Amino acid sequence: MCWFLLEGSTAKNEIHKTLPYNPITQDTKKGKLRFYKYHPEVGSTCNYGALPQTWEDPDFRNKDTQRGGDNDPIDVLQINPRPCHVGEVYRVRVLGVLALLDDDETDWKLIVVDEADPTTAAYRDIGDVPKEKVDALREWFRMYKTAEGKGENKFGLGERAMPRDYAQAAIEETHEAWKKLAAPGK
């Protein structure tokens, strides 16, 4: 797992897909650093990262969302209280997933916990996560673009946070897409 937005932060960091080795950098627009503008006094509601060796293929329509992917690795929302460091890699336990439909593209949001954190050791599936936490994640991702004058994001799957098994299938689907992208013609 590699992290690029820390809980409470507003810096808009991303995996830079056009630079060698795809470093994590702060996004820019017209030469200026970008920040999330939605509730800057609070910042992000979770540690936000990505799962390496996954790719949400724009040409593959997911059977449940009926939309192609967003051309990025699958996103990860890590809900433990310990802040992560940009670029940190560590083991997590997958609990569930939300199906964000961002600009009409499937943009999976895996909900995970740090495998080594004793405060969430009992969390094994999305039903173990407090409903208020899942609701807060969903609402942040629904609303964050409204601070820039854009509309609300939508969610597929009836806005439900799907269980671990469903999330695991999304990981496998996006890993297969990455393998095809990384080794075309095989």
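1. Helices (H or I, at least four residues) and strands (E, at least two) are DSSP runs, numbered from the N terminus. Asp114 is placed in strand E9. The model is a predicted one, in which local features need pLDDT of at least 70 and side-chain atom pairs count only at pLDDT 80 or more, while totals for chains, interfaces and linings use all residues. Residues are numbered from 1 along each chain as its sequence is written, and side-chain values use heavy atoms, with hydrogens and water left out.

2. Asp114 is buried, its relative accessible area being 9%; buried means under 20% relative accessible area, exposed over 50%, and partly exposed in between (1.4 Å probe, protein chains only). Beyond residues up to four places away in sequence, Asp114 touches Gln78, Asn80, Arg82, Tyr90, Arg91, Val92 and Thr120, where contact means heavy atoms within 4.5 Å.

3. Val94 is found in strand E8 and counts as buried at 14% relative accessibility. Its contacts, leaving aside neighbours within four places in sequence, are Leu110, Ile111, Val112, Arg124, Arg164, Ala167, Gln168 and Ile171. Val94 and Arg124 are separated by 30 residues in sequence, and their C-alpha atoms lie 7.8 Å apart.

4. Helix H2 covers residues 164–182. Its 19 residues reach 26 Å from first C-alpha to last, close to the 27 Å expected at 1.5 Å a residue; the expected span is 1.5 Å times one less than the number of residues. Tyr166, Ala167, Ala170, Ile171, Thr174 and Ala177 of H2 are buried. Seen down the axis, the buried residues of H2 fall within an arc of 145 degrees, so they line one face of the helix; the arc is that of the directions from the helix axis to the C-beta atoms. An α-helix has 3.6 residues a turn, so residues three or four places apart point the same way.

5. The buried residues of H2 pack against strand E8 (92–102), E9 and strand E11 (162–163). On the face turned away from the buried side, H2 carries the exposed residues Asp165 and Lys180.

6. On a 1 Å grid over the protein atoms alone, a cavity is a set of points where a 1.4 Å probe fits but cannot get out, and a pocket is an open set with protein on both sides within 12 Å along at least five of seven lines; lining residues have an atom within 4 Å of a point. Grid points are joined across faces, edges and corners, and a volume is the space filled by probe spheres set on the points.

7. The largest pocket has a volume of about 630 Å³. Among the 29 residues of its lining, Lys12, Glu14, Asp70, Asp72 and Asp102 are the closest to the centre. Strands E2 (13–15), E6 (47–50) and E9 (105–114) each give two or more residues to this lining. By class, the lining has 8 nonpolar, 4 polar and 17 charged residues; Ala, Val, Leu, Ile, Met, Phe, Trp, Tyr, Cys and Pro count as nonpolar, Asp, Glu, Lys and Arg as charged, and the others, Gly among them, as polar.

8. The second largest pocket holds about 330 Å³ of space. Of its 17 lining residues, Asn22, Gln53, Thr54, Pro73 and Trp178 are the closest to its centre. The lining has 11 nonpolar, 4 polar and 2 charged residues.

9. A search of the whole structure finds 1 cavity of 30 Å³ or more. The largest cavity has about 90 Å³ of space, and the largest share of its lining, 3 residues, comes from H2.
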